[in-house]
Every structure is written in structure tokens, then in C-alpha cells.
Amino acid sequence: MPEYSPADLAETLKDGLLSFPVTPFTESLAVDESALVKHLEWQSSYDIGGLFVAGGTGEGFSLTLEESRLVVSTAAETVRDGVPVLGSATGNTAQAVEFAQMAETAGADGLLLLPPYLTETTQEGLRAHAAAVLESTDLGVILYNRANAIYSADTVASLAEAYPNLIGFKDGVGNFEQLARVTAACGDRLFYLGGLPTAETYALSLLKMGMSTYSSAMFNFLPEFALEFYRNVRAEDQQAVQEKLRDFVLPYLDIRDRGNGYGVSIVKAGLRAVGRDAGPVRPPLRDLSAEEQKMLNTLIGSVAPAAV
Ligand SMILES: O=C([O-])C(=O)C[C@H](O)[C@@H](O)C(=O)[O-]
């Protein structure tokens with residue numbers, strides 16, 4: 001049995017910043033277990049709502065079932081008490097079910113359902129896919145609305161009614177009309193989290209849409225900055241948020257936007273910049289160039305001189 005009931009998990013997650021740790025790789029692209037332990041210990045030593053391993057930033061889409069098991073079980077053994085660990089499920093329905101069941105046995109407290117790979121879907125197909133995963137586990141499950149998994153309000157509401165272990169909706173698209181429809185249809189039955197790339201960019205606006213928290217990829221390498229940003233958002237301190245957007249987040253986006261898939265690569269580059277190298281990204285992603293790495297080092301040095 002998972003340590004958190006789905007309802008307790010939602011309560012714990014909704015009011016804290018959510019960490020999405022990278023998966024460190026060696027130069028030969030194997031999972032680097034000792035670097036993983038060190039990184040998870042460091043991340044979970046901060047005041048966070050939960051730790052989502054093998055998510056998008058954790059390159060969950062590039063991990064085999066056995067590698068994902070290793071990452072989830074390492075996290076479950078490593079993080080300090082009181083920080084829930086969530087695994088991920090991806091790929092076709094049978095594969096996603098396998099990942100969900102593996103995460104549960106490996107000690108996860110919850111699950112993030114990533115979009116299925118490649119194909120387009122209908123709402124009936126998407127509902128059947130999510131339903132199969134929800135039925136396969138007792139874990140609290142969060143839907144990730146992104147890529148080929150764009151859930152209509154009716155689909156989310158019908159899944160929420162049928163499956164008590166559906167606890168949350170994570171948005172990676174930023175369609176305000178869709179969000180208004182989903183939150184109006186499901187209200188307090190679910191909790192809502194922002195999950196657009198570099199989620200800080202939208203956090204204050206999305207708070208007004210009912211999204212009380214978000215996944216912070218930059219928390220990987222600038223945890224104190226990311227936590228202060230989150231506190232500013234929750235306090236609705238628009239001036240402090242704008243200052244941090246201007247001084248760091250927007251110039252960071254300029255570097256991130258130089259390459260497709262850099263939303264993840266730039267996080268590993270950030271770790272390199274602060275002396276906590278987590279190795280390269282796996283194909284199909286590619287790492288930042290030496291010039292881009294230098295630009296990022298300078299930017300990080302401008303907001304956190306002690307970190308570089
Ligand atoms: O699954 C994930 O890693 C994400 O949700 C993506 C990031 O955490 C995103 O929110 C970001 O880049 O801040």
C-alpha cells in the first residue's frame with residue numbers, strides 16, 4: 001500500500017513547490033547512480049511539496065522500465081521523510097500500465113501520466129488510455145496535459161468521477177480557455193499545477209486560474225532562487241516576480257530557445273554551471289554548445305554569484 005492516500009497526496013502537493021529532478025547520466029549515457037543519490041538528497045533537503053522523478057526534466061521518456069525502476073526506488077530510499085516521491089508512466093497503454101505498476105512496487109507515492117508517444121488521439125482513446133492506467137494502480141495519479149494528450153474538460157471530469165485516485169491536472173500547454181473549462185468542470189475535486197516549460201514564466205498568471213503550484217525545472221540548479229520565486233508568486237508580489245523574470249527567467253528563455261528540446265538540456269547545463277555536473281542528456285536531446293554554456297554560466301553568476 002502506498003504511504004499517502006490519493007487525497008493526502010493531493011493535499012501535500014498542492015501547497016509546495018514541485019521538484020522535477022534530472023536523471024544524471026555517465027559519459028556513456030548509463031544512469032549515474034551515485035550522482036542520482038547525491039542530487040536527490042540535495043533537492044529533498046529543501047522545503048518542497050514533492051519530488052517527481054523520471055518526469056520530463058528527468059528524461060523519463062528516454063528511460064527503460066528497469067532504469068525507471070532504479071530511479072524511483074533510489075528516490076524512495078533517499079529522500080527525507082515527508083517528501084512524497086512520484087514516478088511517471090509513458091508510452092503505449094500496455095507500457096504505461098507496466099510503468100505505473102512498477103512505480104507502485106518500487107515505492108512511489110504517486111504517478112505522473114505523461115502523454116503517449118507519437119500518435120494522435122481522440123478523446124475516447126485518451127480516456128481509455130488514462131482509465132487503464134488509473135485502474136492498474138492504487139497510487140494517486142496526475143494527468144499531464146501536453147503534446148498528444150490534450151484532455152477536454154468532459155474527459156477530465158468523467159475520469160475524475162470514475163476514478164477516486166485521479167488527483168491532479170498538470171498543464172503543459174497554456175490554453176486559457178481549456179484551463180477555464182477544466183477547472184470549472186472539476187473545481188476542488190482535483191488540484192492543478194502549471195507544467196509549461198520553465199513554468200516560472202507563467203506562474204503568477206496561472207495562480208489566478210487556480211493553479212496553486214508548478215513544476216520547477218530550474219529548482220534543480222538554483223533551488224533557493226526557485227523557492228523565493230515560488231514564495232513571491234504565492235504572496236502575489238507582482239513586483240518581485242517581475243524583477244526575477246527580468247533579471248533571470250527571460251534571459252534564460254533566450255538561451256533555452258536556441259535549440260529544440262533545450263528545456264531539459266539547459267537544466268543539465270545549469271547543474272554544470274553550479275559545479276554539480278549531472279552528465280549529458282540522452283538522444284534525441286542534445287547538450288548546449290560551449291558558447292551557450294558560457295552564456296548560461298554568466299547569467300547564473302549574475303543572480304547567484306556564490307553558486308558558480
Ligand atoms: O515533467 C517535467 O519535467 C515538466 O513538467 C517540465 C518542467 O518541470 C517545466 O515545468 C519547467 O521547465 O519548469
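On one side of helix 4, Ala94 and Thr105 sit exposed. Keep in mind that you're looking at a predicted model. Let's start with that helix and then follow the chain into the strands beside it.

**Helix 4, two faces**
- Helix 4 runs over residues 93-105, and its 13 residues reach 19 Å from first C-alpha to last, close to the 18 Å expected at 1.5 Å a residue.
- Its buried residues are Ala96, Phe99, Ala100, Ala103 and Glu104. They cover an arc of only 135° around the axis, which means they end up on the same side of helix 4.
- What covers those buried residues? The cover includes helix 3 (65-78), strand 3 (85-89), strand 4 (110-113) and helix 5 (123-135).
- After helix 4 comes Gly107, with a positive phi near 105°.

**Strand 3 and its partners**
- Five of the five residues of strand 3 are buried, so the rest of the structure largely encloses this strand.
- Val85, Gly87 and Ala89 point one way, while Leu86 and Ser88 point the other.
- Strand 2 (residues 50-52) runs parallel to strand 3, joined by two bridges; Leu51 has Val85 as its bridge partner.

**The nonpolar core**
- The largest nonpolar core has 89 residues, and Val72, Leu111 and Leu113 have the most contacts inside it. Helix 11 (residues 262-273) supplies the largest share, seven residues.
- Leaving aside neighbours within four places in sequence, Leu113 touches residues including Ala89, Ala96 and Ala130.

Definitions and conventions. Residues numbered from 1 in each chain as written. Predicted model: local features only at pLDDT ≥ 70, side-chain atom pairs only at ≥ 80, totals over all residues. Core = buried A, V, L, I, M, F, W, Y, C linked by C-beta atoms within 7 Å. Buried ≥ 20, exposed ≤ 12 C-beta atoms within 10 Å, placed from the backbone. Helix = DSSP H or I, 4+ residues; strand = E, 2+ residues; numbered from the N terminus. Contact = placed C-beta atoms within 7 Å. Expected span 1.5 Å × (residues − 1). Arc of directions from axis to C-beta. Pairing = 2+ DSSP bridges.
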